[in-house]
Amino acid sequence: MMMIPANANAQEPENLLDPWIDEQLDTIPLDDWGDVFQDMGKSAGVKDLIREAAQGNAPMDLRSWIGLLGRSVRNEWGRTVRQLAIVLIISMICAVLANLKTNMKHGQVAKIAEYCGFLLVAGLLLSSVFELVNLCGAAVDRLTGIVQTMFPVLLALMLTAGEMTGQGLLQPLVATAAGGASVLFHAVIIPLIVIDLAVVTAGALGAGGTLKKLHKLMQKLCKWLIGAVFTLFFGVLAIQGIAATTFDGMAARTARYTVENVVPVAGKMFAQSVDLVFSGSILLKNAVGVVGMVALAGICLEPIIRLCLMIVCLRMASAITEPMEVSPVTESLDGYGDAVSTLAVSIGAVGILFFIMTAVVLGMGSAVLMMRG
Amino acid sequence: MEQIKSWVLQLVMIGLGGVIASSLIHRESFQRYVKLVIGFLMIMVLIQPVIKLRDFSFDPSRLLFENMGGLAEETSAISSDMERVNANWMDEYAVKNMQSQIETDIETVLGYDSRVDVRLSPDGSGIYRVRITVREALTGEDQLWILNSLRENYGLTEDKIRLIGG
């Protein structure tokens, strides 16, 4: 008996899936992402961006990213230069006082004045650094918020795409990463950095001797922690990702084979509609993931730019003040620079952790699609 | 955070106190003693958090997996909404495809222009009935071919098929 392929009269898959995507988007709770995209200069809502991404349009192109980067740097540059100028002026006054000290009969007065100058610099810089610490804390909360609203959707889409094993394996990892990253940052990294800043300030005062070793210990503790968490997390993620892809790919293939062979034509039609829904789910999952990754990158961008400019400001100030021989100021600037670098590494690490976790979920879907054949 | 703030403040105040004290004392031998005392004070303040860690109970499994239940519930709620949309959509897709396939088969093999209407059972048990309307009068052989074709390809019994000829 001659049978014409079932999809001979069917419409193009893109058009066919559009109403399905619209219907699915109505069921997805993604309204809690707030003004992430408004901050990035996008007027479209989250769901519109996902719809566009599902049609193959990137939510942010390279030009938009460069524009956003330029805007952020321009906004922060003035503040950084002003801060650098103030630090340098105070350092010069300190240097003059330090030189006067040797010529004055009562050098202690000049010494106290020098320390007052240092405290002024420290107060100014510490207030900026604490502002950055708070900004990073808020950014981590926003990142966690995005992950906590995005991952239930991605995991649900994994379920509807037939990636049961992958979803089951990823759920504890996602819960651990989302909760653990926030706790690690707020309860461990931020306190360590705050303590480090205090150690640097107390060490620069130099009353009880130097505290450089303690400062180095704080730095190393932060770096070891981040390194250990990263290694552990990505090790588990990589192994589970590979295992889940193989299981899900084979399970979907077996299920389709069974369905196709129950009733010749109706079974094939059913298998086709299941396949289409699976593929649609993977397409929608990729779109949600891509938009989520853009949001994650957008949230990380502002604190990282501000931290980088602060590091530049502190390192430049430290380099310029070194020949002036105002050791408390130079030492503290260097120490604050280290602390801010650690903060930048930490927020970058949290962002990359969430970013790679999303990429693994998206990659898993594509791999399952390939395995399905 | 409050504890950290007070710890930091203690550290800075001791450092500042040391600087002021050593500035007020002129004799170098006394300055050495002041530095020693300030150093001891600093060590005492610095080791305070380490001593407090002794009483600190921390269960990582409770901390890390406390979001698990919430995530699983939310995923399951979203997934069941999506499954509902998928089920409706797959039914619609399968019905459209089936109608189109039967119409094409009848036209290709028998040469009739037909209109097929497939209805699904509301309880989700499968096809409720298939109604095939053909403008021309169908011969007995043609009717038999259609019934056989529907039985073989779609597993449909005769009671679910309505054949209307012109």
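This is a predicted model: local features need pLDDT of at least 70, side-chain atom pairs count only at pLDDT 80 or more; totals for chains, interfaces and linings use all residues.

Me: Leaving aside its neighbours within four places in sequence, which residues is Val291(A) in contact with?
Reply: Residues are numbered from 1 along each chain as its sequence is written, and chains are lettered from A and ligands numbered from 1 in the order in which they are written. Two residues are in contact if their C-beta atoms, placed from the backbone, lie within 7 Å. By that rule, the partners of Val291(A) are Val46(A), Leu49(A), Ile50(A), Ala53(A) and Pro59(A).

Me: Which residues of helix H3 of chain A are buried, and how wide an arc do they fall within?
Reply: Helices (H or I, at least four residues) and strands (E, at least two) are DSSP runs numbered from the N terminus, and H3(A) covers residues 46-54. Buried is a neighbour count: 20 or more other C-beta atoms within 10 Å of the residue's own, with 12 or fewer for exposed, partly exposed in between, and C-beta atoms placed from the backbone. Val46(A), Leu49(A), Ile50(A), Ala53(A) and Ala54(A) are buried there. Taking the directions from the helix axis to the C-beta atoms, these buried residues line one face of H3(A), because they fall within an arc of 140°.

Me: How many residues are in the largest nonpolar core, and how many of them come from helix H5 of chain A?
Reply: A nonpolar core here is a set of buried Ala, Val, Leu, Ile, Met, Phe, Trp, Tyr and Cys residues joined through C-beta atoms within 7 Å. The largest such core has 139 residues, and Ile193(A), Val291(A), Val340(A) and Leu343(A) have the most contacts inside it. Its largest share comes from H5(A), residues 107-160: 25 residues.

Me: Which domains of chain B does that core lie between?
Reply: The domain bounds come from an automatic or database domain assignment. Both domains of chain B give residues to the core, so it lies between domain 1 (2-55) and domain 2 (95-164).

Me: How far apart are the C-alpha centres of those two domains?
Reply: Chain B is divided into residues 2-55 for domain 1 and 95-164 for domain 2. Their C-alpha centres are separated by 92 Å.

Me: What share of each chain is buried?
Reply: Chain A comes to 9 helices and 0 strands, while chain B has 5 helices and 3 strands, in the order α-α-α-α-β-β-α-β. For chain A, 48% of the 373 residues count as buried. For chain B, with 166 residues, the figure is 24%.

Me: Is Asp334(A) buried or exposed?
Reply: Asp334(A) sits in helix H9 of chain A, residues 327-372. It has 20 other C-beta atoms within 10 Å, so Asp334(A) is buried.

Me: In which sense does strand E2 of chain B pair with E1, and in which with E3?
Reply: Two strands pair if DSSP finds at least two bridges between them. Thr133(B) in E2(B) is the bridge partner of Arg115(B) and also stands opposite Ile164(B) in E3(B). Over 7 bridges, E2(B) (127-134) and E1(B) (114-120) are antiparallel. Over 4 bridges, E2(B) and E3(B) (161-164) are parallel.

Me: What distance separates the C-alpha atoms of Asp159(B) and Val130(B)?
Reply: Asp159(B) is in the loop between H5 and E3 of chain B. It counts as exposed because it has 7 C-beta neighbours inside 10 Å. Asp159(B) and Val130(B) are 29 residues apart along the chain, and their C-alpha atoms are separated by 9.6 Å.
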